[in-house]
Amino acid sequence: MSFLQTFQVFPYVPESLGFLETLSRNLWWCWNIDAIELFRRIDPILWSASGRNPIVFATLIGQERLDELAKDDSFLAHQKRIKDLFETRVIKSVDRPDTLFRKRDTIAYLSMEFGIHESLPLFAGGLGVLAGDHLKAASDNNLPLTGIGLMYRNGYFHQYLNHEGWQQEEYPETDMYHLPVERAKDQQGNDIYISIQGKEGDIHALVWKIMVGRIPLYLLDTNIQKNTPEIRDINSTLYPGEHKNRLAQEVLLGIGGMRVLEALGLNAAVCHMNEGHCAFSSFERLVQTMSKHHVDLKTAVEIVSRTTVFTTHTPVAAGHDEFPVEFVEPYLKPYKDRLGVSVKTLLSWGQPSKDEPDEPISMFVLGLRMAQYCNGVSELHGQVARKMWSHVWPGRPEDEVPITHVTNGVHIPSWISMENAQIFERYLGPTWHLHAWGNDLEERIDKIYDEELWQAHEKSRARLIRSCRKLLSDQYRQRNAPRSVMDQVENVLDHEVLTIAFARRFATYKRANLLLQDIERLEAIINSEKYPVQFIFAGKAHPKDNEGKELIKKVFEFAQRPEVRHRVTFIEDYDISIARQMVQGADVWLNTPRRPFEACGTSGIKAAANGVLNVSTLDGWWCEGYSPEKGWSIGRGKEYRDHDYQDAVESHALYNILENDVIPCFYERKEKNIPERWLKMMKASIKTAIQDFCAHRMVDNYNENYYFPACQRYFELIADNADEAVRLSDLRERLKKNWDGITIDQPERQNAGPFRVGEMFTVAVRVNLGELRPEELDVELYYGKFKSIEAISDGHVETMTMREDLGNGYYLYACSVKCDYSGRFGFTVRVIPKGDDLIQCAPGLISWA
C-alpha cells in the first residue's frame with residue numbers, strides 16, 4: 001500500500017464539558033496549575049500515562065467517565081473557575097497603555113526551537129525552553145508578539161544508554177493528531193503554503209498554528225506530498241549534523257518565516273531573531289519593506305536594521321553556524337534581482353572580513369549587521385560577546401561594541417511545584433507571578449512559616465525520588481537487568497538524605513566530571529554515616545559530540561560502583577518533565593561550567609525559585625544572582641589558561657564547600673527538626689529568582705529597551721514616504737564616501753601637569769573634516785586609566801566644542817577635563833558620526849588622532 005489516508009476518533013464530549021476541548025487546544029493550560037489539576041483529577045493514572053498531553057489523554061478516557069463528570073457539580077465548578085480565568089487571561093482583549101502597534105502590526109519572534117511543554121517535541125535544550133518561556137511571558141504581559149518556528153516530525157532525539165553507559169539515540173515520529181495544531185489560514189480562509197527557491201528545486205512548506213495563551217506560534221512543515229523525499233526530510237530532526245540540511249532549515253525559518261507573516265496579512269514592525277539561525281529573515285524583510293513602502297534597498301536597510309533585535313546565546317565562537325559560500329549562494333540568487341545588488345554583496349553581509357570572497361558565511365555576523373539591538377543573555381555574557389566580536393567594529397573600544405545584555409528569566413509558574421504555588425498564592429496573592437517585582441514581595445516571603453515551606457519542599461523531594469525510582473526501573477528493564485538488580489533499583493535514593501542534582505547538556509565546558517576528580521573523597525562524602533549525600537545526574541550530549549558522550553559514560557560508570565549505586569543515579573532522556581521534577585525536588589543545584597562559557601544557565605534560576613540552593617562557579621546568571629546568603633560559589637570567578645590546573649583547583653574548592661558549608665548547613669537541626677539557617681537561604685533564593693530573574697521582568701526589559709523604541713522608530717522611518725529613512729540612507733552614503741578625508745592632528749593640553757584632584761585642564765586639537773561638516777560629526781576626547789601605550793581602561797568620553805573655523809576644512813576643537821581621582825591616565829581624540837546609535841556605531845566610521 002503506497003499511500004493510506006488516516007482519520008482519528010475521539011470520545012463524544014458532553015456539552016457541559018465542551019470547554020475541556022477548548023482548553024486542550026491552547027497551551028495556556030500547561031502553566032496554570034489549577035488547569036493542570038482539572039485534567040489530572042479526571043484520572044490521575046491515565047493523565048500520567050498520556051505524558052500529560054490532554055489530546056492523548058482524551059483518547060484514553062472512557063465514555064462512562066465523561067458522562068459521570070458531566071453531572072459532577074464539583075468538577076463543573078472547577079471547570080467554570082478555569083474557564084473564567086481563561087477568558088480573562090487569554091480571550092479578553094486588553095490594550096496596553098504603552099503600545100504603539102496597530103491592529104495588524106506584530107513583533108515577529110523567530111527561533112529554531114520552542115520548549116513549551118514536554119508533549120510538544122520542538123526543543124533540544126536551554127535555547128528552546130527560553131523561547132517557550134518568552135512566549136508565555138509575552139502572553140501574560142499582553143504583548144502583540146507572533147512566534148515563528150519549524151515543525152519537526154522526529155524532533156530532537158530520545159536518549160537511552162547501553163550496558164556500557166554509551167549514549168544511544170532514537171527518533172520516534174511525532175503523531176500530528178496528538179498535538180494542539182491547526183492549519184494556518186490566510187485572510188481569505190485558505191490554507192497557507194509558502195515556497196522557497198533552492199539549489200535542488202523549490203522547497204514547499206505547509207504552515208501549522210499553535211496557540212500559546214494569547215500568542216500564536218506558526219510552524220513551517222516540509223513533510224508534504226508536493227516535496228521530493230529529500231526536501232521532506234529537511235526539518236525531520238532538530239539540529240541535524242549535516243550542513244546542507246542545517247542550512248536549509250535556517251533558510252526555511254528566516255525567509256519562510258517572513259513569508260508566512262506576509263501571507264497572514266501581518267506586518268512585522270519589529271523582528272526579534274533568537275540566535276543567528278534566523279538571520280536569513282533580513283533578506284526577505286528587506287524585499288517586503290521595499291515593496292510595501294516603495295523605497296530602494298539602501299533606504300530599506302535603514303528601516304529594517306533599526307527595527308531588528310538580535311539575541312545571542314552562545315559565548316563560544318565555534319558554537320555559531322557557518323556555511324560555505326557555495327552552499328548559501330543558490331538561496332540568495334533570487335534576491336539579486338529582487339534587491340538589485342550582486343549575490344557577492346549579499347554574501348559579504350555575513351562574512352566577518354568582507355574582503356575574502358570565499359570566507360564562510362557566519363550567521364552570527366549576518367544577524368549582527370542587520371540589527372541595531374544586539375544583546376547577550378547575562379551581564380558577563382554581554383562582556384564576552386563584546387570581546388569576541390569586537391573585530392566586526394575595527395577601531396572601536398571593546399566596552400563600546402554595541403552588544404548589550406538582557407539577563408534571561410524563567411517563567412516561574414511553569415517551573416514551581418504545586419505546593420510552592422499554593423504557598424505563594426496564599427502569601428503573595430493570586431496574581432503574584434504577574435507582578436513579581438512588587439516592593440513588598442520580600443516582606444511577604446519572609447512571613448511564610450518555616451515549617452510550611454519545609455514540608456512543601458520535602459513533598460517535592462519525595463516526589464522526585466519516587467519518579468527517579470520509576471524511571472530507573474524502566475531503564476534497567478529495557479536493558480534486561482536481572483531481578484536482583486531490579487530489587488535494588490526499587491530502593492535507590494533516600495527521602496531524608498541531602499539531594500544534589502546535576503542536569504544539563506553534557507558538553508565538555510559544563511564539566512560534569514568536575515565532581516569525579518577525587519573518587520575516594522567523593523565516596524566518603526556520599527557514604528558518611530552521620531551526614532550522607534546523594535546525587536542525581538541527567539542530560540544529553542549532542543549525537544556528534546563523542547567527548548560529551550564520554551562524560552556521560554564516566555558518570556554512568558561511577559553510578560554503577562557497588563559503594564555508591566544506592567545514592568548516585570543517572571536518569572536517561574532528560575526533558576522538560578524530568579527537569580521540572582528535579583528543580584522542584586532537589587536540595588542543591590550543582591553547576592560547574594568553565595567560566596566564561598555559560599551564557600546564562602537558566603536551570604539554576606528555576607531551582608532557586610523553588611528554594612533549591614545553588615552551588616555554582618561564578619558564570620552566567622550566578623555572577624549577578626550570587627550572594628553568600630543565597631548559595632555558594634565555586635572559586636572566585638577567576639579564568640584560567642591551564643584547564644587541568646583549573647579543574648584541580650575548582651574540584652578541591654567544590655569538595656571543601658560540600659564538606660564544610662553545604663552539608664553541615666543542611667543537617668543543622670534545632671527546634672522542630674527543621675534546618676532554620678537553610679530555610680533562611682531558601683527564602684533569599686526564592687526572592688532573587690522571582691524578583692530579578694523572572695521571564696516577565698525579562699520580557700518587560702525587551703519591550704522597554706528594544707521593542708517599544710524599535711516600533712516608535714519604525715513609524716518615524718516610514719512616515720511621509722519614508723523621508724527620515726531616506727535622509728539616514730543619504731547621510732550614511734555621504735559619510736562612507738568622505739570618511740577617509742578626515743585627519744586629526746596631535747591633541748595638545750593646556751599644560752603638562754602633574755595635576756591635583758579637583759583641578760581642570762584644557763585639551764585642544766586641529767581636525768580636518770574634508771568634505772564633511774561639523775554638524776554631521778562629533779569630535780570627542782577619549783580618556784581613562786592608562787593601561788598600555790595603545791590601551792585605556794574604564795574609558796570616558798567628553799564631547800569637544802568647535803572653537804574656530806580655520807578654513808579649508810580645518811577646525812579647532814577644545815574641551816576641559818576635571819581630575820576627579822588620582823592615578824595615571826591617558827587620552828586621545830576621535831571623530832565619530834553624529835546621529836542615532838546605528839549611525840554612530842557603523843563599522844569603519846571612526847577615526848583616531
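1. Helix α7 (residues 126-140) and helix α28 (residues 695-738) cross at roughly 80°, and their axes come within 9 Å. Axes here are lines fitted to C-alpha atoms, for helices over the stretch in contact, with angles from 0 to 180 degrees between N-to-C directions. The two helices are therefore roughly perpendicular (65 to 115 degrees; under 35 is roughly parallel, over 145 roughly antiparallel, the rest oblique). Helices (H or I, at least four residues) and strands (E, at least two) are DSSP runs, numbered from the N terminus.

2. This is a predicted model, in which local features need pLDDT of at least 70 and side-chain atom pairs count only at pLDDT 80 or more, while totals for chains, interfaces and linings use all residues. Residues are numbered from 1 along each chain as its sequence is written, and side-chain values use heavy atoms, leaving out hydrogens and water.

3. Helix α19 (residues 450-478) packs with helix α23 (residues 576-585) at about 140°, the axes being 8 Å apart. α19 and α23 are therefore oblique to each other. On the α19 side, the residues in contact (heavy atoms within 4.5 Å) include H457, R461 and L464, and on the α23 side I578 and M582 are among them.

4. An open sheet has four strands in the order β25-β24-β28-β29, with antiparallel pairing. Strands count as paired if DSSP finds at least two bridges between them.

5. β28 (residues 825-833) pairs with β29 over two bridges, in the antiparallel sense. Opposite W848 in β29 stands R830.
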